[in-house]
Amino acid sequence: MADNNTGVDAAEQEPKQSRAGRNLPAAIIVGGLLSGMLVATLLYAPRLWLLILAVAAPIATHEVTRRLREAGYDVPFVPLALGGQAMLWMSWPYGPVGVLGAFGGTIVLCMVWRLVDQGLNHTPVNYLRDMSATVLIAVWVPLFMSFGALLTYPDPHEGAGRVFCLLLTVVFSDIGGYAVGVLFGRHPMVPAISPKKSWEGFAGSMVFGLTGAVLAVTLFLHQPAWTGVPLGLLLVLTGILGDLVESQVKRDLGIKDMGRMLPGHGGMMDRLDALLPAAAVTWIVLTVLT
């Protein structure tokens with residue numbers, strides 16, 4: 001029997017799923033372990049934050065490129081992975097300028113790599129389609145992730161507070177949307193893309209997300225509480241849109257998850273879908289307001 005949300009066989013789904021479609025015990029355990037690792041890093045060794053991002057970037061990039069290749073796209077993983085590392089590590093000495101330069105270099109490398117690979121191995125086809133997908137991945141994963149690195153500069157300890165603002169707001173939004181959606185969700189928000197999302201869950205995300213943002217900016221950044229209002233509002237909207245974008249991509253590809261490395265969550269990219277675009281918005285908002 002096919003699942004009406006993803007089109008995959010019910011036998012392939014994880015056991016003991018909750019109403020929201022998760023293996024809840026596994027999701028809680030894995031989420032708790034990941035959260036504990038990130039909190040410990042930011043509190044006691046904030047300079048390792050960049051290393052964590054540098055490890056996560058190629059994993060997430062590989063998940064997306066592998067899925068696209070399974071669907072017939074010819075997306076070059078090697079230049080994307082190398083370019084992603086360049087974006088992240090260039091952010092350390094050169095800030096946004098380094099990220100932008102490395103991003104431009106990544107796209108040029110991918111364009112040449114794909115062109116040469118096609119010319120050497122087979123008749124060139126679908127170059128425009130494949131390069132469009134390649135640019136999407138370069139923006140979606142390493143470029144957005146680089147904004148998470150930029151949050152920690154120039155002072156890594158103060159930067160840890162900015163990262164907490166990102167994480168706390170998105171996590172609170174996710175918890176609020178999940179809990180309220182499961183308990184009270186009756187009106188689908190975007191049934192064509194994600195049937196399990198409801199307007200009630202959206203309201204829960206907004207209330208919890210705003211609360212998390214206000215608490216974060218006052219506790220970690222010692223900023224006025226009103227600073228958390230635009231941050232929370234934009235991060236909730238961005239996080240939901242990021243989740244919907246990945247849902248639409250997975251729907252186009254006919255898959256349920258990008259990967260399987262995180263029980264209860266899917267792959268690395270399934271856990272980062274809301275955080276990646278939210279990292280860019282967090283950097284913009286906090287740069288402007290603080």
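Author: Asn-126 sits in the loop between α3 and α4, where helices (H or I, at least four residues) and strands (E, at least two) are DSSP runs numbered from the N terminus. This is a predicted model, in which local features need pLDDT of at least 70, side-chain atom pairs count only at pLDDT 80 or more, and totals for chains, interfaces and linings use all residues. Residues are numbered from 1 along each chain as its sequence is written, and side-chain values use heavy atoms, with hydrogens and water left out.

Reader: What is phi of Asn-126 near?

Author: Phi of Asn-126 is near 55°, a positive value in a residue other than glycine. Most residues other than glycine have a negative phi, and most peptide bonds are trans.

Reader: And why does Asn-126 count as partly exposed?

Author: Asn-126 counts as partly exposed because its relative accessibility is 42%; buried means under 20% relative accessible area, exposed over 50%, and partly exposed in between (1.4 Å probe, protein chains only).

Reader: What about His-222, where is that?

Author: His-222 belongs to the loop between α6 (199–220) and α7 (228–253). Phi of His-222 is near 55°, again a positive value in a residue other than glycine, and at 66% relative accessibility His-222 counts as exposed.

Reader: Switching topic, which residues does the cis peptide bond join?

Author: The cis peptide bond joins Tyr-153 and Pro-154, with omega about -5°; Pro-154 lies in the loop between α4 (127–150) and α5 (156–184).

Reader: Now Ser-198, buried or exposed?

Author: Ser-198, which is found in strand β2 (residues 194–198), counts as buried, at 8% relative accessibility.

Reader: Which residues does Ser-198 touch?

Author: Not counting residues up to four places away in sequence, Ser-198 touches Gly-181, Gly-185, Arg-186, His-187, Pro-188 and Met-189, where contact means heavy atoms within 4.5 Å.

Reader: One on helix α2: how far apart are its end C-alpha atoms?

Author: The end C-alpha atoms of helix α2 (residues 49–70) are 32 Å apart, which agrees with the 32 Å that its 22 residues should span at 1.5 Å a residue; the expected span is 1.5 Å times one less than the number of residues. Gly-72, whose phi is positive, near 105°, follows α2.

Reader: Last one, where is Val-97 placed?

Author: Val-97 is in helix α3 (residues 77–121), and at 66% relative accessibility Val-97 counts as exposed. The C-alpha atoms of Val-97 and Met-87, ten residues apart along the chain, are separated by 9.8 Å.
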